[in-house]
Amino acid sequence: MAEKHIHQPAADASEIMPGARLTGDATAADIESIRRQNSVYVYEAPVRLWHWVNAACITILCVTGYFIGAPLPSMQIGEATEQFVMGYIRFAHFAAAMIVTVGFFGRIYWAMVGNHHSKQMFYVPVFNLHFWKEVLFELRWYLFIEKKPKKYVGHNPLAQLAMFFFITIGLTFMLVTGWALYAEGAGQGSLPDTLMGWVLGIVQNSQRLHTLHHLGMWAIIIFMIIHIYVAIREDIMSRQSMVSTMISGHRTFKDDEIE
């Protein structure tokens, strides 16, 4: 006897994914979009922790460093014997600097033992022609010349270049000059002097060293302003998540296109 086939009507989107009804007004297009969403685990927990602690400490260093370099002419708080405002400012500066120093060495360690993306900040593929073409593309995108951005899992090439010069090189410069200035106050024979006293010998002038350190601070401030602007801009206009990635570690993409 032949089997009797009964035609079953195609299930609609809500029947395929009943849970979608919980969203209230999910359409078939919404559900298809959900299917396309994907993410890659990019930034491991130590990298994210270092990023936010480092950002907080750099903010403290810039604020306190400004007042150390240009103290207010008159505090009008009370007699000198009754206040320790500049002392507290200097203490905050030194404490934040020590945290940044330990954190930077920890970040170098994690670049050696972490995933591929944890190493990206510490090198620039100078002889890779494709890398420089991508840098130029990103420049055009940030200048609103390119209409459509590309997708990147880790830092885009321009961001990698900026991170290398302003964080890897820039932070190293600030730590070297900062510890050299601290060594001057700690005195000859102290541990800071033993480790970093040679820097003052190269610069040959304490005021010149202060000026170099102060100029480095302004370079970091300019980088921070651009970095925050670009991160928010890319979170809105690019094809992948940006700010939330440094919180969750996952880079989420907004479409299923390769390029």
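The charged end of Arg 233 sits over the ring of Trp 141, 4.8 Å from its centre; a charge counts as over a ring when NZ of Lys or CZ of Arg is within 6 Å of the ring centre and within 35 degrees of the ring normal. This is a predicted model, in which local features need pLDDT of at least 70 and side-chain atom pairs count only at pLDDT 80 or more, while totals for chains, interfaces and linings use all residues. Residues are numbered from 1 along each chain as its sequence is written, and side-chain values use heavy atoms, leaving out hydrogens and water.

Let's stay with Arg 233 for a moment. Arg 233 also forms a salt bridge with Glu 234, with 3.0 Å between the closest N and O atoms; the term asks for a side-chain nitrogen of Lys or Arg within 4 Å of a carboxyl oxygen of Asp or Glu. Arg 233 is buried at 5% relative accessible area, and Glu 234 is buried at 3% (buried is under 20%, exposed over 50%, partly exposed in between, with a 1.4 Å probe and protein chains only).

The count comes to 3 salt bridges. In another of them, Glu 134 meets Lys 150, the closest N and O atoms being 2.8 Å apart. Glu 134 lies in helix 5 (residues 129-142) and Lys 150 in the loop between helix 5 and helix 6 (157-186), so the pair ties together parts that are 16 residues apart in sequence. Helices here are DSSP runs of H or I with at least four residues, numbered from the N terminus. Glu 134 is buried, at 8%, whereas Lys 150 is partly exposed, at 23%. Lys 150 also lies over the face of Phe 137, at 4.6 Å from the ring centre.

Now for the rings themselves. There are 9 aromatic pairs, meaning rings of Phe, Tyr and Trp (its six-membered ring) with centres within 6.5 Å; planes under 30 degrees apart are stacked, over 60 edge-to-face and the rest tilted. Tyr 66 and Trp 218 form an edge-to-face pair, 6.4 Å centre to centre with 90° between the planes. Tyr 66 lies in helix 3 and Trp 218 in helix 8, so this pair ties together parts that are 152 residues apart in sequence. Tyr 66 and Trp 218 also belong to one aromatic cluster with Phe 67.

Helix 3 (residues 45-69) holds Trp 52 too, which is partly exposed at 42%. Trp 52 is one of the residues making a nonpolar surface patch of about 930 Å², to which helix 8 (residues 206-237) gives the largest share, 5 residues.

Notes:
Patch = residues over 30% accessible without salt bridge, like charges linked within 9 Å, V, L, I, M, F, W, Y side chains within 5 Å. Areas by Shrake-Rupley, 256 points an atom, 1.4 Å probe, with all protein chains shown as cover. Helix = DSSP H or I, 4+ residues; strand = E, 2+ residues; numbered from the N terminus.
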